[in-house]
Amino acid sequence: MGDSHSGSSDEVARNPIAPQGMGSVGEEAASNVVGGGSGTGPLGSAATPAASTPAATNSGLSGSKRSRRTSWVWNHFTIVKNFKDEQGIDIGQRAVCHYCDTHYKCLSNNGVGPHGRHLQKYHADKIGNASDSNFIYSKEKMRHGLALYVAAAEQPFTFGDDIRFEHFVQNCLNPSFAKVSRNSIRSDTKKAHSEVKKDLISKLATVGAIGFTSDMWSGINNRGYICVTAHYIDSSWTLQKKIIAFRLVEFPHDAEQIFESIMSVFRDFEVLNKVYSITFDNHSANTATLPLFIRNLTTPYFGELLHLRCVCHVINLVVQDGLTHIAPQISKIRNAVLFIATSPSRQQEFDKLCTTLYNLKPKNMNSDVQNRWNSTYLMLKSCRKYSDAISGYVNQRYRPCRGSPLTQADWEIGFEFMKFLKVFYAATVGCSGVRYPTSCIVLHHLFNISVNFRRHREHPNFAHACIDMEGKFRKYYEEMPPIFMLAAIMDPRMKLQGVSLLLRTIGTNLGITTFPSSAYVYDLLTTMYAKYDSKFHSNAACTAAPLTSSTSTNDEFWDFVSSNLGSNTVTSRIELDKYLDLESVDENDRHDFDVLAWWKNNEVKYPVLSIMARDLLTPPVSTVASESAFSAGKRVLDERRSRLAPDILDCLICLKDWEDARLGIQKRSAKDEFRGYFADFDIDSD
């Protein structure tokens, strides 16, 4: 190897990651080493020859400073002052490879291109990932990435302007980095938001129906903000969630103002013709916007599926009515738990009592918040097995309720009600998920709630509570929303027969005689399917596969049907009825079943019905997705940033959500989404 490839300094002076050095030259070469050294920083300027005279090294005169070699290749090459070639001729200063006899020039105008290419070609195993040396540092890319990080990690705009951060990056990652001012990061954030937003608009243009959730939030600055979240099923049958707006809403926060705010978001993201449903909480202003949306949007199914009340809010109202009937017992338990938890010394004494007298591990009980029923449930759950210890400690030091001791009867009522609330908690957690369809599981949870009422309405401690709770339940679900029935039919475990059975049983358990009949639901289904068939059948017929059995490719029945109907066409009656009558799910697969995966696998078999199923399975039945953004809003719009401009807050919240989705680190489970859900509940709304 010689000097035939002497690349320029710019060609190789770009690698920000220096591979680790391996080995060393022999003693003779080492005795002739000058300058050099192992550079640990990224590639910068080309290496220059080391000083070779005492004067140049020690005089300290101007122009005689020794050059630093910073390229990563010097971890793998040593500079030999008087190098002798194969003929023994002294050819001057050369850079010698640690792993072979190859040598190159090492003058400043020759660069280190040949050195790096030699290492990548012949000693890749010694230098690690050779592709690292092809990295090109881009200041523009760095600033874009820094803006995304600041937004996603909820960092202040001054993050990139911190001298400690600059020192860390320059010394450990890239010496070319220069700190970025807060104003630059601010403008970069707006630019990044604009770029990602354009990509999202393009993405939304390719999907089918979109379900939206929206809710209002008051920040620390006493200004109102509205969050709008889009839910859609993409081409791979994955349910996606994107916060598309977190915007300031001017007073008054009435129906007209809310309507105009949401419509401006729809126009901004070009989704006016894709709005399938909007899920609100129970606030009267939100309900009043419904006629405005119906008049101004071309909605599927004439707007009958447009408005959804948040199921979790309805459950909250139902449970709050029941909690009033055991308020004295719950109050005594709450005060006892708070008495222990609010004092470190008392908590320490209680822990010691648990260990020495009751043979229990020390434990911090969950304190509840009076207006959040889920926290009451969790408080009671955390007290199991510790009731005697709590009563024994508290009754000696504190009377929880006007001098009345905490008794075993109080605990029995509390724990009985905890078991009663379990089904409501499970329903709230299940319906608050955003990573799987929830519109098809509402009937399942309403059925469990109705069974719970039937079992407890004769209980002496719950009789009056059940009367009030059932009354509130019937108020919202005596007229069952069509989306819950139609979406449940699109679950192949349920279909029409299962939905009819559920409706009939729920009606019997609650004494409701006006629930839809099986014939009514079937008419609703076929009417809706006819709309989809008229719109999509011509396109679907061109791509439909021949009808085949899902269990056998040699089934004579399907051969007969295919031969008589044609291999590439499916009539609407055959497609819908085939799904309702012929498809089934194995009993062993019913519990761990992915409804979206099933439709993905059967999309070709049901080209029109799969489109209808995708739309019906899209709408979320709770506003958790929007309300969970308020937790981030509290962290971003805190006391130190209370004057943050509304457009910047919108950029930060949306960018965080989009970046978390891109990295796959959004909250995955329903319990994650449910965490803190009741923090902003307006429980007086009805």
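Which residues form a positive surface patch? Lys381, Arg384, Lys385 and Lys422 do.

## Basis of the model

This is a predicted model, in which local features need pLDDT of at least 70, side-chain atom pairs count only at pLDDT 80 or more, and totals for chains, interfaces and linings use all residues. Residues are numbered from 1 along each chain as its sequence is written, and side-chain values use heavy atoms, with hydrogens and water left out.

## The positive patch

Patch residues have over 30% relative accessible area and no salt bridge; like charges are joined within 9 Å, and nonpolar side chains (Val, Leu, Ile, Met, Phe, Trp, Tyr) within 5 Å. Lys and Arg count as positive, and the place of a charge is NZ of Lys or CZ of Arg. Accessible areas come from the Shrake-Rupley method with a 1.4 Å probe.

Helices (H or I, at least four residues) and strands (E, at least two) are DSSP runs, numbered from the N terminus. Arg384 has a relative accessible area of 42% and is therefore partly exposed (buried means under 20%, exposed over 50%, partly exposed in between, with a 1.4 Å probe and protein chains only).

## Salt bridges

The whole structure holds 20 salt bridges, each a side-chain nitrogen of Lys or Arg within 4 Å of a carboxyl oxygen of Asp or Glu. In one of them, Asp268 pairs with Arg247, and the closest N and O atoms are 2.7 Å apart. This pair links distant parts of the chain, since Asp268 is in helix H9 (residues 255-268) and Arg247 in strand S6 (residues 239-249), 21 residues apart. Asp268 is partly exposed at 29% relative accessibility.

Arg247 also meets the side chain of Asp650 in a salt bridge (3.8 Å, N to O). Here the partners are 403 residues apart, with Asp650 in helix H28 (residues 646-663) and Arg247 in strand S6. Asp650 is buried, its relative accessible area being 9%.

Another salt bridge joins the side chains of Arg474 and Glu470 (3.6 Å, N to O). These two residues are four apart in helix H19 (residues 463-477), so about one helical turn separates them. Arg474 is partly exposed at 26%, whereas Glu470 is buried at 6%. Salt bridges with shared partners join Lys197, Arg247, Asp268 and Asp650 into one network.

## Polar contacts

A polar contact is a pair of N or O atoms within 3.5 Å; within protein, one must be able to donate a hydrogen and the other to accept it, and residues adjacent in sequence count only if both atoms are side-chain atoms. Ser450, in helix H18 (residues 442-456), has a side-chain polar contact of 3.1 Å with Asn509. Ser450 is buried, at 0% relative accessibility.

Thr356 lies in helix H14 (residues 344-356) and is exposed, with a relative accessible area of 59%. A polar atom of the Thr356 side chain lies 2.8 Å from the backbone oxygen of Lys352.

## Backbone features in loops

The peptide bond from Phe251 to Pro252 is cis, with omega near -5 degrees. Pro252 is in the loop between S6 and H9.

Glu154 has a phi near 55 degrees, a positive value in a residue other than glycine, and is placed in the loop between helix H6 (139-152) and helix H7 (163-172). Phi is also positive at Glu270, near 60 degrees. Glu270 is in the loop between H9 and strand S7 (275-280) and counts as exposed at 57% relative accessibility.
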